[in-house]
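Reader: I would like to go through this structure by question and answer. Please keep to what can be computed from it.

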Amino acid sequence: MWSLSIKNPGSEPVQIKLRPGKMVIGRNVTSDIVITDAAASRRHAEIYLDSLSELATIIDLKSSNGTYVNRQRISGLFRLQDNDVIRIGQSVMHLTKHAAEAPGQKGNTDTRLFTRELVLEAVDENPILLYEMAQKLNTVLDIDSAISQVTDLIKKAMGVDVCEVILAKDFNQINMENADDLKVKAIRESSVERSAMALCVPIISDGKPLGLIYMEKNRSDAIPFIERDMQLAVAVSHQTALTIQRMDLLDKTRKDEQVKQLLLRFVSPVEAQDILKSFMKTGNLPGLTEKKVTVMVVEIADANDLAERIGPTYFSYILNGFYQHATKAVFKRGGMVKYLGDGVIAVFMEAEDRPCPEERAVSVGLEIVDFIKNLGADDPSRACVVGVAINTGKAMVGYVGTQERAEFNVMGDLIKVSYRMQDYARPNRVFVGPKTVEPLLNKYLIKKTGSLTMQGREKPIQVYEVASVKTAPFVEKDPDVSSAFKEVAERLKAHLKDDEG
């Protein structure tokens with residue numbers, strides 16, 4: 001049996017069976033095979049099929065634009081072979097000779113390993129289809145839309161009744177115990193599986209299965225899948241693999257941007273970039289691990305009473321200014337921030353090309369104290385106070401949560417001690433612990449303030465106060481931080497004038 005698969009521009013392919021005798025091809029609606037292309041003549045060509053020998057021939061009927069077989073213009077009678085390609089204008093007809101199946105062999109399958117050579121051959125033979133697919137798929141930004149486009153294109157290009165794209169994450173929905181299932185064979189063997197009315201092609205990239213394309217014909221008059229269909233399906237599979245890879249890259253880019261925005265809440269942009277590089281390699285943010293750190297705890301004292309006394313509007317100015325100033329000061333010195341209800345915890349660790357963590361933490365603490373003191377300079381009745389405690393030791397530091405929501409955290413006895421110390425550091429003093437004080441002796445004036453006892457501890461903790469700077473600070477104040485302070489101060493002054501008015 002011979003069949004023709006006819007593809008006209010802008011329409012789905014049509015398959016017809018050649019009948020014995022003459023069949024006229026032309027633009028005339030009375031033709032046996034109607035070609036709608038404007039370049040076709042009314043009676044363009046004629047195919048003849050001998051019923052005894054099953055030989056097929058074609059002759060051009062003196063058409064204006066000629067008949068082409070395998071890219072060569074024919075003249076006179078031309079004998080056709082299996083897999084010949086006939087072209088009239090832009091209409092392309094693929095000729096196939098189907099071998100008769102022996103009884104009992106209807107369910108037989110044809111298997112081809114999905115190799116690089118098979119892909120290259122398929123791509124080389126189907127450049128127009130791949131170009132059309134690339135044009136449509138390159139504008140798609142989500143995987144569901146991409147799959148919908150692929151199934152529509154396959155149905156149009158191959159004339160199948162059923163087309164299903166199954167992603168690798170959904171393979172568990174396939175009954176892998178059924179060894180005769182084309183889908184199971186294609187997955188297990190990375191192969192193209194073809195039966196008379198079904199075709200299954202894996203979607204593979206760099207040897208990794210990304211999915212599966214399953215096609216089926218269920219019409220009673222449908223022509224079985226042929227070798228060319230298998231080749232066409234491989235070309236589609238290749239383009240689909242490229243699309244899935246692009247979708248994965250887009251998704252990864254979106255996630256990376258979300259993680260970057262998350263990190264910028266806790267660390268400076270430079271540190272955020274370093275952590276992001278690690279995330280891109282591992283897919284995870286650094287979890288909680290024990291590290292030697294210097295922590296700074298600072299809170300606005302009696303925040304609820306202060307808000308009630310000065311009013312919520314004025315208090316919001318103070319709180320926003322405090323958060324902005326503290327965050328910029330910490331980031332400037334390479335620290336990380338965890339926000340509290342009315343304060344912050346800053347974490348400092350050893351870093352190349354930076355002073356020691358203890359020195360950086362104290363510098364931030366003194367700057368925050370200066371900021372708070374200046375806020376109450378115009379009206380002492382509306383002033384607020386803080387306590388700053390700085391301690392060095394072991395703590396659990398890292399990110400906790402899920403991929404959708406994560407928070408920077410620092411935990412351990414070191415934090416409990418620092419909380420207690422900052423209560424005693426009020427008003428507007430900077431207290432440091434015994435393991436923090438030594439690196440500061442050459443930079444700051446230090447004095448003992450006494451011992452701090454805590455429940456559950458046998459020995460008291462010696463506490464020191466940073467009184468003043470001996471030498472010039474190791475880092476000049478960030479111009480951005482200074483300007484932020486001025487902006488907040490101006491807003492507060494304006495608000496005070498409004499209240500007085």
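Reader: What is the mean pLDDT of the chain?

Author: This is a predicted model, so confidence comes before geometry. In the chain, 83% of the residues reach a pLDDT of 70 or more. The mean pLDDT of the chain is 82.

Reader: Over which residues does pLDDT stay under 50?

Author: Where pLDDT is low, the predicted coordinates should not be read in detail. One such stretch, residues 472-479, has 11 contacts beyond four places in sequence in the model.

Reader: How many aromatic pairs does a search of the whole structure find?

Author: A pair of aromatic rings is described by the distance of the centres and the angle of the planes. The search was run over the whole structure, and its count of aromatic pairs is 2.

Reader: Is the pair of Phe322 and Tyr323 stacked, edge-to-face or tilted?

Author: The ring centres of Phe322 and Tyr323 are 5.7 Å apart. Planes under 30 degrees apart would count as stacked and over 60 as edge-to-face. The angle here is 45°, so the pair of Phe322 and Tyr323 is tilted.

Reader: Why is the pair of Tyr323 and Tyr339 edge-to-face?

Author: The two ring centres lie 5.6 Å apart. The pair links distant parts of the chain, with Tyr323 in helix α8 and Tyr339 in strand β18, 16 residues apart. Ring pairs link Phe322, Tyr323 and Tyr339 into a cluster. The pair of Tyr323 and Tyr339 is edge-to-face because its planes stand at 90°.

Reader: Is Tyr339 buried, partly exposed or exposed?

Author: In the cluster of Phe322, Tyr323 and Tyr339, Phe322 is buried at a relative accessible area of 0%. Tyr323, at 18%, also counts as buried, since the cut-off is under 20%. Tyr339 has a relative accessible area of 33%, so Tyr339 is partly exposed.

Reader: Which ring does the charged end of Arg87 sit over?

Author: Elsewhere, Lys217 lies over the face of Phe225, at 4.7 Å from the ring centre. For Arg87, the distance from the charged end to the ring centre is 4.4 Å. The ring under Arg87 is that of Tyr68.

Reader: Which residues touch the most other members of the largest nonpolar core?

Author: In soluble globular proteins, nonpolar side chains tend to be buried together. The largest nonpolar core here has 40 residues. Elements that each supply at least two of its residues include β17, α9 and β20, while α8 gives the largest share, 10 residues. The residues that touch the most other members are Met296 and Ile300.

Reader: How many residues are in the other core, which lies apart from the largest one?

Author: Met296, in the largest core, touches Val344, Ile368 and Val388, among others. The other core lies apart and includes Ile154, Ile203, Val234 and Ala241. Its size is 35 residues.

Reader: Is Asp206, with its positive phi, buried, partly exposed or exposed?

Author: Phi of Asp206 is about 55°, although Asp206 is not a glycine. The residue is found in the loop between β15 and β16. Ser190 also has a positive phi, near 50°, and lies in the loop between α4 and β14; Ser190 is partly exposed at 32%. Asp206 has a relative accessibility of 77%, so Asp206 is exposed.

Reader: How far apart are the end C-alpha atoms of α9?

Author: At 1.5 Å a residue, the 19 residues of α9 should span 27 Å. Of these residues, 16 are buried, so α9 is largely enclosed by the rest of the structure. The distance between the end C-alpha atoms agrees with the expected span: 27 Å.

Note on methods
Residues are numbered from 1 along each chain as its sequence is written. This is a predicted model: local features need pLDDT of at least 70, side-chain atom pairs count only at pLDDT 80 or more; totals for chains, interfaces and linings use all residues. Side-chain values use heavy atoms; hydrogens and water are left out. pLDDT is the predictor's confidence in each residue, from 0 to 100. Contact means heavy atoms within 4.5 Å. Rings of Phe, Tyr and Trp (its six-membered ring) pair if their centres lie within 6.5 Å; planes under 30 degrees apart count as stacked, over 60 as edge-to-face and the rest as tilted. Buried means under 20% relative accessible area, exposed over 50%, partly exposed in between (1.4 Å probe, protein chains only). Helices (H or I, at least four residues) and strands (E, at least two) are DSSP runs, numbered from the N terminus. A charge sits over a ring if NZ of Lys or CZ of Arg is within 6 Å of the ring centre and within 35 degrees of the ring normal. A nonpolar core is a set of buried Ala, Val, Leu, Ile, Met, Phe, Trp, Tyr and Cys residues joined through side-chain atoms within 4.5 Å. The expected span of a helix is 1.5 Å times one less than its number of residues.
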